[in-house]
Amino acid sequence: MKKVSFAEFGGPGVLQLIDAEEPHAGPGQIRVAVRAAGVNPVDWRVREGQVLGAHPTELPSGVGLDAAGTVDEVGEGVEGVEIGDHVFGEGHSTYAEFAVLGAWARMPEGLTFEEAAGYPSVVETALRIIGQVGVEPGQTLLVSGASGGVGSAVLQIARERGITVIGTAGAANQDYLRSLGALATTYGEGWVERVRQLGHVDAALDLAGSGVIRELVELTGDPRKVVSIADLTAPDLGVRFSGVAGSVPDALAEAADLITRGKLHIPVEKSYTLADAAAAHTDSQAGHTRGRRVMVI
Ligand SMILES: NC(=O)c1ccc[n+]([C@@H]2O[C@H](COP(=O)([O-])OP(=O)(O)OC[C@H]3O[C@@H](n4cnc5c(N)ncnc54)[C@H](OP(=O)(O)O)[C@@H]3O)[C@@H](O)[C@H]2O)c1
């Protein structure tokens, strides 16, 4: 099968499209014929060897955590899914023609594979951090870096729960944030005052890792009401860094339910082929994705 792989840590140029042995589903796993794979910022962090603690990586390594496709092998002990089902889920080495998944849910009706591949990791992350920051219906959540994959999911899930959201993003994404039900303002000089003018902040999420933890603590008045997924220095100010994926067991089923009820939609900014994996990483690494980028197989 065709698979994107890298044999050394480095820039996008280390990614190669190779012929590889097909993987097989072990106990508790399924294999899918991948139709699309989500591009997450962590994919290029893994490629650079930046996150070996959270993502131990043996070289040569495949790339990609998220996939949507057709089930073609069902591992021992797996129930409730049949060969031929369309699923979306999380696994490893998903930029490939076949990949093994450890968590999955049936794809909602009407969703394309391309769209479906954009949801798994970001919805798991969004549900996890909304829970960890402890924001209640009727309260206001500030989201720094709100227009990317995780932000798009956070905004819509919070809205569904009756939480008011103030989001920061670049000038080009202000209308996008408003379309997801958030109050919007730009990051950059004077942003703290602009947020204050939009309302009192009960809790805050740092999704961009842009060095704003101190300001988020000031705005909420309590480091326990701030969570970061992108700034490893957050604990220096008493703020939780959240990095354990897979801690929301029913995340994919909840995603499917929200999508089916029309409460969650994450747009695909751009699709790439496996041969364009380096371009996908270069674009993701620029840090200004609206919604998601996806590899289409
Ligand atoms: N720890 C975890 O469990 C976990 C899980 C998932 C993701 N992450 C990390 O979380 C981060 C966000 O992930 P993602 O998938 O949402 O990324 P993404 O899709 O690349 O989105 C990044 C967003 O950040 C915004 N941004 C860029 N510079 C900014 C700044 N100075 N201030 C505020 N916002 C800014 C961009 O908005 P504009 O385009 O409008 O500039 C863009 O929408 C990544 O670093 C990723 O590695 C961590």
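**Entry 1: strand S1 and its sheet**

I began with strand S1 and found it mostly covered, since four of its five residues are buried, where buried means under 20% relative accessible area, exposed means over 50%, and partly exposed lies in between (1.4 Å probe, protein chains only). I took strands and helices as DSSP runs numbered from the N terminus, with at least two residues (E) for a strand and at least four (H or I) for a helix. I noted that this is a predicted model, in which local features need pLDDT of at least 70 and side-chain atom pairs count only at pLDDT 80 or more, while totals for chains, interfaces and linings use all residues. Residues are numbered from 1 along each chain as its sequence is written, and side-chain values use heavy atoms, with hydrogens and water left out.

Next I asked which strands S1 is joined to by bridges. Four bridges join S1 to strand S2 (residues 16-19), and this pair runs antiparallel; two bridges join S1 to strand S4 (residues 61-62), again antiparallel. I counted two strands as paired if DSSP finds at least two bridges between them. On the S2 side, I found Ser5 bridged to Gln16 and Val4 bridged to Leu17. The three strands make an open sheet in the order S2-S1-S4 with antiparallel pairing, and its edge strands are S2 and S4, each of which pairs on one side only. As a reminder to myself, strands of a sheet pair through backbone hydrogen bonds, either parallel or antiparallel.

I then looked at Ser61, which lies in strand S4 and stands opposite Phe6. Is Ser61 buried or exposed? Ser61 counts as buried because its relative accessibility is 12%. Leaving aside residues up to four places away in sequence, Ser61 touches Val4, Ser5 and Phe6, a contact being heavy atoms within 4.5 Å.

**Entry 2: helix H9**

I listed the buried residues of helix H9 (residues 277-285), which are Ala277, Ala280, His281 and Ser284. Seen down the axis of H9, these buried residues fall within an arc of 95°, so they line one face of the helix; the arc is that of the directions from the helix axis to the C-beta atoms.

What do the buried residues of H9 pack against? They pack against strand S1 (2-6), strand S3 (30-39), helix H1 (41-47), strand S14 (268-272) and strand S15 (292-296). After H9 comes Gly287, whose phi is positive, near 85°.

**Entry 3: salt bridges**

I found that the structure holds 17 salt bridges, each being a side-chain nitrogen of Lys or Arg within 4 Å of a carboxyl oxygen of Asp or Glu. One of them joins the side chains of Asp72 and Arg31 (2.8 Å, N to O), and this pair links distant parts of the chain, with Asp72 in strand S5 (residues 66-74) and Arg31 in strand S3, 41 residues apart. Asp72 is partly exposed, with a relative accessible area of 26%, whereas Arg31 is buried at 5%.

Arg31 also meets Glu73 in a salt bridge (3.6 Å, N to O). Because Arg31 lies in strand S3 and Glu73 in strand S5, that pair ties together parts 42 residues apart in sequence, and both Arg31 and Glu73 are buried. I wrote down the network of salt bridges that links Glu22, Arg31, Asp72 and Glu73.

**Entry 4: the two domains**

Finally I read the domain assignment, which gives domain 1 (2-118 + 266-296) and domain 2 (123-241); such bounds come from an automatic or database domain assignment. The C-alpha centres of domain 1 and domain 2 lie 27 Å apart, and the contact takes eight residues from domain 1 and eleven residues from domain 2.

How much area is buried between domain 1 and domain 2? It is about 650 Å², of which carbon and sulfur atoms give 51%, buried area being the accessible area (1.4 Å probe) that two parts lose on being put together, summed over both. Ile266, Arg290 and Gly291 supply 61% of the area that domain 1 buries against domain 2, more than any other three residues. Across this interface of domain 1 and domain 2, the rule finds zero salt bridges.
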